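Visitor: I would like to go through the charged pairs and the nonpolar groups of this model. Please show it.

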Amino acid sequence: MSDGLHFNETLYPGVQVSYTCDEILYQEKTEHQDLVLFSNPVFGKVLMLDGVTQVTTADEFIYHEMMSHVPILAHGAARNVLIVGGGDCGLAEEVLKHASVDKLVQVEIDGSVVDFSREHFGDFNQGVLDDPRFELVIADGIKFSAETERRFDVVIVDSTDPHGPGAVLFSEAFYRNIHRLLTPGGVLVTQNGVPFLQKQELVTSIERFSRIFKDAAAYVAAIPTYFGGHMALGWASDNPDLRRQVVSVLEERFRAADFTTQYYTPDVHAAAFALPRFILDAVEEGRAKA
Ligand code: SAM
């Protein structure tokens, strides 16, 4: 919702987050969603899809580093990675920092988001689309996951919220498809909302993970433009040891990976799985429901 001077996010009843708009940089009604990019004095370029903040140039590093380096360094031998969603390509940029990754496939439903991000988000997706390891597939993630014969060590779902085109990416059918295409001991990570305001989203995903995977859990990160406190990142794997990696092992792997970060550290990685009580309650509620 906008008066031309402000863009207001009204995702939660009773709450409105208002951004001053210095300039509308791009606006388009795509085949799948309303896309607007505007500049804000605090967060830089702000992308909204269907009126919901997706990514900003100021704080994208937090979400993208925690969605990528945590599963890849926990796994320790991830060669083939799949991103579902992720149209702005900020997550892909972080995954491709791992020289150990041989192949990154990204399945995005809306090609317009990628095209526009190539033009407007060079700040944080430099070189992704030209990287020979990167393969972009424009398709619905649930269709791709049901039909592909390819296998992946790590799958990262960087989706919109569970309504509109993103709803299917929170379904049990989709999680079962992902379980089928993961290599043994592989790991799934999902964007799972802000538990303080979207608790049921996390409970439902954990419930569905628990029916399919041996280990269902979550970790957290604080992203300023995902209003409402901690963001939950869903975690599912048949290898329960992966999320209990000791810091010394993570430090060794991070050193060997040899790149710099602005948020991620091995200590932050390990600490991210120590959940505040109310979020742990949501995870335990989901497990109990399975
Ligand atoms: N980090 C953001 C968040 O947490 O809200 C998400 C960013 S990313 C831009 C979300 C992407 O998911 C969008 O580009 C959207 O087009 C894509 N998407 C939504 N539904 C999809 C589906 N069913 N299959 C593949 N991509 C989908």
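Visitor: With which residue does R277 form a salt bridge?
Guide: This is a predicted model. The closest N and O atoms of the pair are 3.1 Å apart, within the 4 Å cut-off for a salt bridge. The partner of R277 is E284.

Visitor: Is E284 buried, partly exposed or exposed?
Guide: The relative accessibility of E284 is 36%.

Visitor: Which residues are linked with R176 in a network of salt bridges?
Guide: R176 pairs with E172, with the closest N and O atoms 2.9 Å apart. Both lie in helix α6 (residues 172–181), four residues apart, about one turn of the helix. The network that holds R176 links it with E172, E207 and R211.

Visitor: Which backbone oxygen does the side chain of R133 reach?
Guide: R133 lies in the loop between α4 (122–125) and β9 (134–138), and is buried, with a relative accessible area of 18%. Its side chain meets that of D131 in a salt bridge (3.0 Å, N to O), and D131 is buried too. R133 also touches residues including L96, H98 and L104. At 3.1 Å, the side chain of R133 reaches the backbone oxygen of V101.

Visitor: Which element gives the most residues to the largest nonpolar core?
Guide: This core has 44 residues, and M66, V95, L104, I156, Y219 and W235 have the most contacts inside it. Elements giving two or more residues to the core include β7 (80–85), α2 (90–95), β13 (230–237) and α1 (60–75). With nine residues, the one that gives the most is α1.

Visitor: What does L104 touch, beyond residues up to four places away in sequence?
Guide: L104 is among the residues with the most contacts inside the largest nonpolar core. The residues it touches are V81, L82, I83, A92, V95, L96, R133, F134 and E135.

Visitor: How much accessible area does the nonpolar patch of F196, L197, F227 and F278 have together?
Guide: L197 lies in helix α7 (residues 195–212), and is partly exposed, with a relative accessible area of 30%. Together with F196, F227 and F278, L197 forms a patch on the surface, and the accessible area of the four is about 390 Å².

Definitions and conventions:
Residues are numbered from 1 along each chain as its sequence is written. This is a predicted model: local features need pLDDT of at least 70, side-chain atom pairs count only at pLDDT 80 or more; totals for chains, interfaces and linings use all residues. Side-chain values use heavy atoms; hydrogens and water are left out. A nonpolar core is a set of buried Ala, Val, Leu, Ile, Met, Phe, Trp, Tyr and Cys residues joined through side-chain atoms within 4.5 Å. Buried means under 20% relative accessible area, exposed over 50%, partly exposed in between (1.4 Å probe, protein chains only). Contact means heavy atoms within 4.5 Å. Patches are made of residues with over 30% relative accessible area and no salt bridge: like charges are joined within 9 Å, nonpolar side chains (Val, Leu, Ile, Met, Phe, Trp, Tyr) within 5 Å. Accessible areas come from the Shrake-Rupley method with a 1.4 Å probe; for residues, only the protein chains shown count as cover. A polar contact is a pair of N or O atoms within 3.5 Å; within protein, one must be able to donate a hydrogen and the other to accept it, and residues adjacent in sequence count only if both atoms are side-chain atoms.
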